[in-house]
Amino acid sequence: MTTRGVLYVHSAPRALCPHVEWAVAGVLGARVNLDWIRQPAAPGSWRSEFSWRGSVGTASKLASALRGWQLLRFEVTSEPCPTAEGERYSATPELGIFHAVTGIHGDILIPEDRLRAALARSKGGESNLEAELAKLLGKPWDDELEPFRYAGEGAPVRWLHQVV
C-alpha cells in the first residue's frame with residue numbers, strides 16, 4: 001500500500017543541504033534534487049519542501065534519516081490510507097523530534113495510554129495538565145517552527161493549519 005506526504009525542511013545551513021538530499025534519496029531509492037530558497041527567519045539558512053509518494057512507513061524512515069542533525073528544522077507528513085493512519089513528525093535542534101498519528105481530517109490522535117499517563121503525572125504533581133496536553137499535541141514544536149513556516153516572498157508555501 002502506498003501513501004503520499006510532504007517533507008518540509010524549514011531551515012538548514014547551506015553545507016547541510018546536499019546531505020539532506022542524499023538522506024532523502026537513500027530512503028526513497030531515487031535521486032532527489034530539492035529546490036532550496038533562502039530562509040528569512042534564520043539568515044544564512046535555506047528551506048525547501050518536497051512532495052513524496054512511497055510505502056506506508058516512509059515518513060518514519062525520512063524522519064529517522066534526518067533526526068539528530070543539529071541546526072536542521074523539519075517536518076514530515078504522510079496522509080492516511082486504507083491500511084494506515086497519517087503521521088506527522090516535527091523536529092527542532094532544541095526540542096528533538098515529535099511524532100503524532102493523524103486522522104483523515106488531519107486531527108492528532110492521542111492514544112488513551114498516553115492520556116492516562118499525562119493525567120497521572122498531573123495528579124501526582126509532576127506537571128500540570130495543560131502542559132502535558134500541549135506536549136501531546138506538539139505545541140512546543142509548533143511554537144518554535146511557526147516563524148520558519150513562513151517562506152520568503154514568492155516562494156511556494158503550504159500552510160499547516162491549526163484546527164481550533
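Trainee: Which residues does Arg73 touch, leaving out those up to four places away in sequence?

Mentor: This is a predicted model, and in it Arg73 touches Tyr8, Val9, His10 and Ser11, then Ala91, Thr92, Pro93 and Glu94, and also Glu144, Leu145 and Phe148. Arg73 itself lies in strand E4.

Trainee: Is Arg73 buried or exposed?

Mentor: Residues under 20% relative accessible area count as buried. Arg73 has 14%, so the residue is buried.

Trainee: How far apart are Arg73 and Lys123 in sequence and in space?

Mentor: They are separated by 50 residues in sequence, and their C-alpha atoms are 34 Å apart.

Trainee: What should I look at in Leu71?

Mentor: Look at the backbone: Leu71 is not a glycine, yet its phi is positive, about 75°. The residue sits in the loop between H2 and E4. Exposed means over 50% relative accessibility. Leu71 has 54%, so this residue counts as exposed.

Trainee: Which residues is Val20 in contact with, leaving aside neighbours within four places in sequence?

Mentor: Val20 is in contact with Val9, Leu34, Trp36, Leu66, Trp69 and Leu72.

Trainee: Next, the helix pair. At what angle do the axes of H3 and H4 cross?

Mentor: Helix H3 (residues 112-123) and helix H4 (residues 129-136) have axes that come within 9 Å and cross at roughly 155°. Angles over 145 degrees count as roughly antiparallel, so H3 is roughly antiparallel to H4. The crossing of H3 past H4 is right-handed.

Trainee: Which residues make that contact?

Mentor: H3 supplies Arg114, Leu115, Ala118, Leu119, Arg121 and Ser122, while H4 supplies Leu129, Glu132, Leu133 and Leu136. Sorted by class, the contact has six nonpolar, one polar and three charged residues.

Note on methods. Residues are numbered from 1 along each chain as its sequence is written. This is a predicted model: local features need pLDDT of at least 70, side-chain atom pairs count only at pLDDT 80 or more; totals for chains, interfaces and linings use all residues. Side-chain values use heavy atoms; hydrogens and water are left out. Contact means heavy atoms within 4.5 Å. Axes are lines fitted to C-alpha atoms, for helices over the stretch in contact, and angles run from 0 to 180 degrees between N-to-C directions. Helices (H or I, at least four residues) and strands (E, at least two) are DSSP runs, numbered from the N terminus. Angles under 35 degrees count as roughly parallel, over 145 as roughly antiparallel, 65 to 115 as roughly perpendicular and the rest as oblique. A crossing is left-handed if the near helix is turned anticlockwise from the far one by less than a right angle, and right-handed if clockwise. Ala, Val, Leu, Ile, Met, Phe, Trp, Tyr, Cys and Pro count as nonpolar, Asp, Glu, Lys and Arg as charged, and the others, Gly among them, as polar. Buried means under 20% relative accessible area, exposed over 50%, partly exposed in between (1.4 Å probe, protein chains only).
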